[in-house]
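Good morning, and thank you for coming.

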Amino acid sequence: MSEIKRNPIPVDRNLAMELVRVTEAAALACSSWIGRGDKNSADGAAVDAMRRAFDTVAISGTVVIGEGEMDEAPMLYIGETVGSGGPKVDIAVDPLEGTNICATGGPNSIATLAVAEHGGFLHAPDIYMDKLAVGPDLPAGVVDLDASPAENLRELARAKKVEINDLVVCTLDRPRHAEIIAACRAAGARIMLLPDGDVAGVVACAQPESGVDMYIGSGGAPEGVLAAAALRCIGGQMQGRLLYEDEGQIERARAMGITDPNKKFAVDEMAKGEVMFAATGVTSGAFLRGVRRTKLGAITHSIVMRSKTGTVRYVEGHHNLTRKPGKFFG
């Protein structure tokens, strides 16, 4: 018999579902903290649960986008290894995107992660990134970070064959975005303001049912990489440029391999090769429903995507506490 040639990458379909179990665990654990005004406890519960869930996944993963450096985060820090052993992959995680949202019971809080082939993710420092994103099936370069909001809206409306006042622009509700918001409104576009959670905001651009046409504004660079991973799977365009507060941040970026501090990164430069993305809703939002408690346990709503096939699956999990040993919620 001839020897069977094996793929060094994990069996994608099986791994994709294992990733959903990891995000489900994080969402379930922090759901106990929804609306309780304690974002740190909510985040801690999500981190601990995600870390434990990773221990059951047959990978040798390295966290390249995580909760911070080793001296800042006890678990899921940059450089930490996760998994029970197997093919080498890189991991990007945000166990609880929207900690403030969860603490106040607002919309769009999610538990999310992405997996790429080793070396597939941009090693982005935990600083701000300027971001611009639109959905799939549009001409290449239809929008550009260096163009004005009015120019981008005009080109996007032309490509979609609609009027500018038909377009919805999503951005974080921050004072730093006041000029962008004013410019978009002056051009005729409508604005959707998010209290937090720009991964969900970017992904919403690629979800027709969300009603979002463009995402614009600055947010965390790690979240930018996670959002790019999602768009690699589901389709869409995104540009990101790191924003620095001082020379120390520029030097840190260089130490992480970014040679041009002013580079404008495209989607496939932030997340390249084979990529998988998974997220579970903590609180209900633009594209995922939040955790719903039941008499026997809880119901979760998740999404999982694969760049290899472009497949997007929504997974509704019914979790029966009475059949699960040990602690279920955080």
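I begin with a crossing of two helices: α6 and α7 cross in a right-handed manner. Helix α6 covers residues 198-205 and helix α7 residues 221-234; their axes come within 9 Å and cross at roughly 25 degrees. The axes are lines fitted to C-alpha atoms, for helices over the stretch in contact, and the angles run from 0 to 180 degrees between N-to-C directions. The two helices, α6 and α7, are therefore roughly parallel to each other; angles under 35 degrees count as roughly parallel, over 145 as roughly antiparallel, 65 to 115 as roughly perpendicular, and the rest as oblique.

Which residues meet here, in α6 and in α7? From α6 they are Asp198, Val199, Val202 and Val203, and from α7 they are Glu223, Leu226, Ala227, Ala230 and Leu231. Contact means heavy atoms within 4.5 Å. By class, this contact of α6 with α7 has seven nonpolar, no polar and two charged residues. Ala, Val, Leu, Ile, Met, Phe, Trp, Tyr, Cys and Pro count as nonpolar, Asp, Glu, Lys and Arg as charged, and the others, Gly among them, as polar.

Before the second pair, a word on the source. This is a predicted model, in which local features need pLDDT of at least 70 and side-chain atom pairs count only at pLDDT 80 or more, while totals for chains, interfaces and linings use all residues. Residues are numbered from 1 along each chain as its sequence is written, and side-chain values use heavy atoms, with hydrogens and water left out.

The second pair is helix α4 (residues 149-160) with helix α5 (residues 178-187), packed at an angle of about 45 degrees with axes 9 Å apart. That angle makes α4 oblique to α5. The crossing of α4 and α5 is right-handed. Pro149, Ala150 and Leu153 of α4 make the contact with Ala183, Cys184 and Ala187 of α5. In this contact of α4 with α5 there are six nonpolar residues, no polar ones and no charged ones.

Let us now consider the whole chain. How many helices and strands does the chain have? There are nine helices and 14 strands, where helices (H or I, at least four residues) and strands (E, at least two) are DSSP runs numbered from the N terminus. Of the 330 residues, 53% count as buried; buried means under 20% relative accessible area, exposed over 50%, and partly exposed in between, with a 1.4 Å probe and protein chains only.

Gly281 lies in strand β11, residues 275-281, and counts as buried because its relative accessibility is 0%. Leaving aside residues up to four places away in sequence, Gly281 touches several others, including Ala27, Ser109 and His301.

Asn108 is not a glycine, yet has a positive phi of about 80 degrees. Asn108 sits in the loop between α3 (99-104) and β4 (110-117). Is Asn108 buried or exposed? With a relative accessible area of 8%, Asn108 is buried.

Lys161, also not a glycine, has a positive phi of about 60 degrees. Its place is the loop between α4 and β6 (168-172). Lys161 counts as exposed, at 74% relative accessibility.

Conventions
A crossing is left-handed if the near helix is turned anticlockwise from the far one by less than a right angle, and right-handed if clockwise.
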